[in-house]
Amino acid sequence: MWKPGKIFGFLIVVYSCGMIQGMVDDVSASPADSLEQRSSDGSYNRFAHEKGKYFEGDIVLPQGFRAVSMMPRWRKGIIPYTIHRSFRPSERKAIYEAMQDIEAKTCIEFKKRSDESNYVRITNLNQGCFSFVGRAGGSQQLNLGPGCVYKTTIIHELTHAIGMWHEQSRQDRDRFINIMWNNIPRNYWSEFQKHNDLINYGTLYDYRSVMHYSYNAFARDRSRPTIITKRKMPLRLLGMGDNNGGLTEIDALQINRMYKCENYRDPYKMAN
Ligand SMILES: [Zn+2]
């Protein structure tokens, strides 16, 4: 359900942090109390992006946000970026690999920023993984905090920056999944809202989309699901991406249709 009141309140929080000037190095994005991004052995958490305190966990909304279908795109699909110096070489490598996965499957191009005024500033300065959706204007932070520098999570955040929302926010999602509300604390119910104006570009519902929540996202009891599929399938596949943890074919198709890419593979017929 659409809750403009909540979003408005959220905007106040974001912009009191100074994000409107693009000065987000010191943004007071304190860790959510549910942050458990690093597992006990220190390895990365595949779904760290689901645990933030932002809109639907990891989305930062720009000022004047009105509707999900109106997020500005990147001109010609070219996304200038910077990577903060504090990333380790192995982490930079993971970021480049995530970019390459997207570039190989879509017409999106990531380009080291020279003097472009609109760009994605990839940081690890805050807790959590989060991104704006689409081109926010000016310098927009994409944060990969502890536990976030993992291929599928990086692709997930980059895909938000491209302009995509969460797959289970689709208006038609109730035909494909059931939300197990009784395993979700009430203060997280809003993370599972549908966006009625979300454009799906005529694609099929994609259980494996890198933009889909995992089966126990925001669970009160992590051993039980918060999302079950109407189709019989292993729940662990939800949000897993393709066999290499990259964009699925449908993820790529949505991006390519969003950006009107020429010469992209289009194995699906457009639905009305
Ligand atoms: Zn997300």
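Colleague: Which residues of helix H4 are buried?

Modeller: The buried residues of H4 are Ile250, Asp251, Ala252, Leu253, Gln254, Ile255, Asn256, Arg257 and Met258. This is a predicted model, in which local features need pLDDT of at least 70 and side-chain atom pairs count only at pLDDT 80 or more, while totals for chains, interfaces and linings use all residues. Residues are numbered from 1 along each chain as its sequence is written, and side-chain values use heavy atoms, with hydrogens and water left out.

Colleague: Why is Met258 called buried?

Modeller: Buried means under 20% relative accessible area, exposed over 50%, and partly exposed in between (1.4 Å probe, protein chains only). Methionine 258 has 9% relative accessibility and therefore counts as buried.

Colleague: What makes H4 a mostly covered helix?

Modeller: Nine of the ten residues of H4, which spans 249-258, are buried. As for the name, helices (H or I, at least four residues) and strands (E, at least two) are DSSP runs, numbered from the N terminus. The buried residues of H4 pack against H2 and H3. After H4 comes lysine 260, with a positive phi near 50°.

Colleague: Which residues does methionine 258 contact beyond its sequence neighbours?

Modeller: A contact means heavy atoms within 4.5 Å. With neighbours within four places in sequence left aside, methionine 258 is in contact with Arg73, Ile162, Gly163, Met164 and Tyr201. The C-alpha atom of methionine 258 is also separated by 9.0 Å from that of asparagine 200, although the two residues are 58 apart along the chain.

Colleague: Which histidines carry the "binding site" annotation?

Modeller: The unreviewed UniProt entry places that annotation on His156, His160 and His166. Positions are given in the numbering used here, feature names are shortened, and such annotations may be inferred rather than shown by experiment.

Colleague: Why do histidine 156 and histidine 166 count as buried?

Modeller: Histidine 156 has 0% relative accessibility, so it counts as buried. Histidine 166 has 1% and therefore counts as buried as well. Histidine 156 sits in helix H3, residues 151-162, whereas histidine 166 lies in the loop between H3 and strand E7 (177-179).

Colleague: What joins the side chains of histidine 166 and histidine 156?

Modeller: They are joined by a polar contact of 3.3 Å. The term denotes a pair of N or O atoms within 3.5 Å; within protein, one must be able to donate a hydrogen and the other to accept it, and residues adjacent in sequence count only if both atoms are side-chain atoms. Histidine 156 is in contact with His166 and also with His49, Asp58, Val210 and Met211, once neighbours within four places in sequence are left aside.

Colleague: Glutamate 91 and glutamate 97 both lie in H2. What makes glutamate 97 partly exposed, and why does glutamate 91 count as buried?

Modeller: Glutamate 97 has a relative accessible area of 35%, so it is partly exposed. Glutamate 91, at 10% relative accessibility, therefore counts as buried. A polar atom of the glutamate 91 side chain lies 2.8 Å from the backbone nitrogen of arginine 88. The C-alpha atom of glutamate 97 is separated by 9.3 Å from that of isoleucine 154, 57 residues away along the chain.

Colleague: What is the phi of lysine 76, and what is that of phenylalanine 218?

Modeller: Phi of lysine 76 is near 55°, a positive value in a residue other than glycine. Phenylalanine 218, also not a glycine, has a positive phi of about 60°. Lysine 76 is in the loop between strand E1 (59-60) and strand E2 (78-83), and phenylalanine 218 is in the loop between E7 and strand E8 (227-229).

Colleague: Is lysine 76 buried or exposed, and is phenylalanine 218 buried or exposed?

Modeller: Lysine 76 has a relative accessible area of 66%, which means that it is exposed. Phenylalanine 218, at 8% relative accessibility, counts as buried.

Colleague: How many helices and strands does the chain have, and in what order do they run?

Modeller: The chain has four helices and eight strands, and from the N terminus on they run α-β-β-α-β-β-β-β-α-β-β-α. Of its 272 residues, 56% count as buried. Among contacts in the chain with a separation of 6 or more, 73% come from residues 24 or more positions apart.
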